[in-house]
Amino acid sequence: MKKNKVKIIAISSLALALILFFILVGFFTDLLWFKELGYVSVFFTELLSQLKFGIPVFVIVGLVCYFYLMVIKKNYYKRLGACEHSSSEKSINWIAGILSLAFALLAAFSIAQQLWFQLLQFTNSTDFGITDPIFNNDVGFYIFKLEFLQRLNVLLIGLVIGFAVVNVLYYLALLVKRRPHLFDREEKKAEQNSQNPFSGFSPFGSFEASGSVPRFNKSTAANLLKVAGTQLAVLGVLFFLLLALHFYLKQFTLLYTSSSGVVFGAGFTDIKIHLWVYRLQVALSLAGAVLVVLSLKKGKIKRILLAPAAMVALGILGVFAGALVQNLVVEPDELNKERAYLENNIAFTRYAYDLQDIRTEDYDVQYDLTAEDIEENLETITNIRINDYEPALKYYNQTQSIRLYYNFNDVDVDRYMVNGEYTQTFLSAREIDENAINQQWLTAHLKYTHGYGITLSRVDTVSESGQPAMLIDSIPPVSQVPEIEITRPEIYFGEDTNNYVIVNTNEPEFDYPSGESNVYTEYEGMAGIPMTLLNRILFALREGDMQILVSTNIDKDSRILINRNIMERIQKIAPFLSYDEDPYIVAADGGLYWILDAYTVSGYYPYSEPFGDTGINYIRNSIKVVVDAYNGDVSFYIVGAEDPIADTLQNIYPDLFKDLEEMPESLQAHLRYPNTMFTIQADIYTKYHMTDVNVFYQNEDGWALATETYGREQVTMTPTYFIMKLPGEEEAEFINSIPYTPSGKNNLTALLVARNDGENYGELVLYQMPKDRIIYGPQQIEAQINQNTEIAQDFTLWSSAGSTYSRGNMFVIPIGSSLMYVEPIYLESASSSLPEVKKVIIYYNERIAYEDTLTEALEVMFDVDMAALRGESESSSEENEMPEPEIGSYELEELAEKANAAYEQALEAQRNGDWAAYGEHLETLSFYLQQMLPEEEAPALPEEEMEALPDIPE
């Protein structure tokens with residue numbers, strides 16, 4: 001018997017240990033991953049905070065609950081005395097202990113799980129230095145403290161209700177274990193008993209058998225109710241006190257939830273009616289607590305309902321009173337009644353969206369551009385974007401994928417020095433399309449582990465076929481930009497890297513294709529978790545893949561790379577931030593890096609109007625995240641103006657955030673003011689540029705974001721990046737801008753610009769158009785284009801020929817004191833899936849230039865020689881000029897690889913029917929083959945090599 005008992009205990013212990021091990025697999029693998037990244041302190045912040053908060057809650061609630069149940073038991077024994085059936089004292093105490101333990105665990109888990117982060121914000125909060133005008137609380141109280149107090153209050157009310165449930169359960173246990181004398185015996189007459197046909201059976205058992213009938217014992221029942229009443233009084237008082245706290249905290253929410261009338265935030269009706277309703281509810285709740293004690297003491301339990309009834313009545317009365325005051329008092333004199341609250345609404349909303357420091361400049365438009373003005377603004381002119389994102393992405397995927405298993409996810413816009421010139425570019429990362437490769441385990445997780453390189457092209461130039469003119473292309477990368485050198489083109493961490501991979505195995509990793517064969521490599525980075533036996537077991541369980549454990553290709557030097565998707569990677573480290581959906585790739589210091597914009601947001605800023613349906617009424621782009629595409633290192637940098645939320649997060653996670661000065665200058669040069677942030681600010685500013693209360697109330701100067709014809713549909717314009725010399729500035733800079741029109745009209749009223757470079761990063765400038773005359777807006781220019789006979793004829797001709805034309809973005813470009821509008825036209829033929837830039841339209845001073853290239857359109861519009869202005873010896877169109885391959889000192893093997901890449905691209909262009917690109921790639925191939933010849937030989941290609949090349953169709 002003893003052996004069996006030991007065996008059962010051993011088996012049970014083993015089973016429990018296995019269950020616990022499976023539960024903790026996620027915990028241990030996450031710990032290993034955070035350790036790899038150097039963020040162990042971040043990982044333990046949540047756990048330790050929950051323990052610091054949860055353990056005291058568990059101990060306090062457990063002890064209070066047990067003491068509470070012991071008091072119930074004591075009073076039960078005292079009031080009811082002897083019982084007809086009694087269990088052992090030990091079993092009754094065990095029940096109390098189990099109930100207390102279970103309730104304490106539930107309470108501690110709920111509170112710690114839901115409040116740990118709010119508690120850290122509460123204890124590490126940073127003041128905003130701005131107080132609300134109603135309660136004189138610092139804004140930090142609403143952002144960091146109020147939510148914690150409200151949640152805590154709700155959980156405490158839940159605890160009181162939980163205590164009531166435990167109370168009932170323990171009473172039931174006492175009634176079963178120590179059954180009271182609820183019935184007395186009453187003797188029956190014998191003859192009556194003998195006449196009872198059911199005398200052999202009775203639900204009262206011994207009463208019936210002994211010839212007696214049960215009689216309800218009112219004294220025992222009364223004592224039982226008195227025991228319960230004492231405990232209910234305590235719970236009732238606590239409930240009403242917490243309800244009073246609820247309404248007390250509720251009054252503060254008026255400042256960011258109410259939107260009665262024209263004011264967002266507390267207005268006249270809120271302050272005069274709703275605020276006082278909440279305060280009276282506090283008083284009624286306190287009265288309810290007193291009423292509970294008095295009613296139970298006097299045995300008049302029904303009186304307890306008076307307080308809740310009064311609170312409901314007050315709530316209904318408050319709704320009607322608020323509606324009456326709003327309609328009969330406020331609306332007839334709304335401006336005067338709401339003036340002070342509108343001032344609060346305007347000032348606080350502008351600060352919440354960082355609009356308070358916008359620099360406004362009058363822009364007196366004069367159409368007086370000269371050749372000298374064009375020359376002085378060449379950096380602006382030569383960076384006008386005539387390429388668009390979608391056509392460029394299609395081109396990259398069809399001509400630069402090289403193999404079917406490569407994919408370009410999106411196109412990013414940035415700026416680089418290109419041959420000594422500050423140049424706006426498109427670039428995109430070439431990643432492995434995990435759905436396009438063989439899904440066998442070895443192929444998916446050991447062989448195809450990484451993408452390779454980027455493509456880069458200017459935004460203002462196209463090839464003869466109307467496609468982006470590449471500056472960096474091919475595999476390995478062929479660069480015409482001496483300033484950009486990529487020595488680590490491998491992309492192990494990206495936007496499409498969703499699978500785990502294992503590196504440094506016995507199976508060589510595929511690096512890139514080379515002709516009919518492939519080049520293989522071995523990972524030389526620092527990323528990854530060592531594949532020890534224990535780790536192999538853990539990750540086999542985590543991934544649900546036993547190949548990790550049994551594969552003979554994995555050895556002691558192997559490492560597993562997990563969480564490789566950059567969005568998932570950073571969200572796992574810092575889930576408390578909001579992230580931009582568009583990370584962008586940067587080439588710097590020989591490597592590739594992803595930069596992501598992170599936002600600190602809140603919905604609790606007083607008097608600030610929320611953006612759309614997001615519930616967000618405060619936002620800052622205070623944090624930039626950098627992810628190394630090769631090593632997977634993640635760095636969080638705090639940038640920009642003061643942000644108390646970012647400061648508070650830095651207090652909570654001191655090892656997570658770095659100062660901007662710690663970011664390499666090569667990466668700082670590529671920081672962008674994010675379009676997501678700029679779009680939100682621009683949208684809010686359509687209303688909140690008005691600071692005069694009278695104008696704001698009447699919406700006399702309401703604006704709207706301008707519209708344009710994009711493709712063939714009218715759409716709202718979005719911010720556009722430019723390299724531009726702003727009016728009054730000495731140098732060109734990287735900016736993003738968006739135009740405004742008056743609400744309900746199409747003329748241009750203002751241009752909002754966000755500066756991106758150096759010390760000017762984040763500065764917003766508003767160029768306001770003159771109000772004494774009409775300045776055409778984008779949609780009015782679109783109408784002018786539609787009325788142009790030559791353009792209309794081309795559109796009709798293309799459509800009848802089965803081709804599809806589409807209009808690109810309309811660009812509003814200030815040059816000196818003038819405005820110029822540029823719009824590219826794309827054509828997609830029925831036989832080709834690649835849209836090409838077919839025409840470029842320039843509108844200036846009621847004139848339209850409609851030419852094949854931007855250069856030609858500029859020359860026609862302004863009667864200038866663009867080549868001469870650039871200092872070129874011969875007139876040429878930069879759009880039609882394919883950049884020459886980079887000339888450098890290559891080893892013979894490297895030249896052969898580059899020649900082979902050009903050959904592969906030529907074949908790909910031939911398959912796509914893109915004969916212009918086909919010819920360009922043959923020229924590149926010819927160049928590298930010539931470089932392979934001995935210096936004394938003629939530069940022409942040998943005849944036999946030329947014959948080996950595919951023929952170019954007529």
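Predicted model: local features only at pLDDT ≥ 70, side-chain atom pairs only at ≥ 80, totals over all residues.

Me: What makes S35 and S36 count as paired strands?

Reply: Pairing takes at least two bridges. S35 and S36 have five, so they count as paired. Ile842 stands opposite Ala849 in S36. Two residues lie between the strands of this hairpin, and Asn845 takes a positive phi near 50 degrees.

Me: Why are S14 and S17 called edge strands?

Reply: The open sheet has three strands in the order S14-S18-S17, with antiparallel pairing. Strand S14 (501-503) and strand S17 (529-530) each pair on one side only. S14 meets strand S18 (residues 559-561) over three bridges, in the antiparallel sense. There, Ile502 has Ile560 as its bridge partner.

Me: Why is Thr269 called buried?

Reply: Buried means under 20% relative accessible area. Thr269 has 1%, so it counts as buried. Thr269 is found in helix H9 (residues 268-298). Its C-alpha atom is 6.5 Å from that of Val325, 56 residues apart along the chain.

Me: How do you know that Glu147 and Arg151 form a salt bridge?

Reply: The cut-off is 4 Å from nitrogen to carboxyl oxygen. The N to O distance for Glu147 and Arg151 is 3.1 Å, so the pair qualifies. They are four residues apart in helix H4 (residues 139-177), which means about one helical turn separates them. Glu147 is buried at 12%. Arg151 is partly exposed at 35%.

Me: What makes Asp582 and Arg672 a salt bridge?

Reply: Their closest N and O atoms are 3.9 Å apart, within 4 Å, so this pair counts as well. Asp582 lies in the loop between strand S19 (578-579) and strand S20 (584-588), and Arg672 in the loop between helix H20 (665-668) and helix H21 (675-688), so the pair ties together parts 90 residues apart in sequence. Arg672 has a relative accessible area of 5%, so it is buried.

Me: What makes Glu731 exposed?

Reply: Exposed means over 50%. Glu731 reaches 59% relative accessibility, so it counts as exposed. Glu731 sits in the loop between strand S28 (720-724) and strand S29 (733-742).

Me: Why is the patch that includes Glu731 called negative?

Reply: Glu counts as negative. The patch gathers Glu379, Glu421, Glu730 and Glu731 on the surface, so its charge is negative.

Conventions
Residues numbered from 1 in each chain as written. Heavy atoms only, no water. Patch = residues over 30% accessible without salt bridge, like charges linked within 9 Å, V, L, I, M, F, W, Y side chains within 5 Å. Areas by Shrake-Rupley, 256 points an atom, 1.4 Å probe, with all protein chains shown as cover. Salt bridge = Lys/Arg side-chain N within 4 Å of Asp/Glu carboxyl O. Charge placed at Lys NZ, Arg CZ, Asp CG, Glu CD. Buried < 20%, exposed > 50% of the residue type's maximum accessible area, 1.4 Å probe, protein only.
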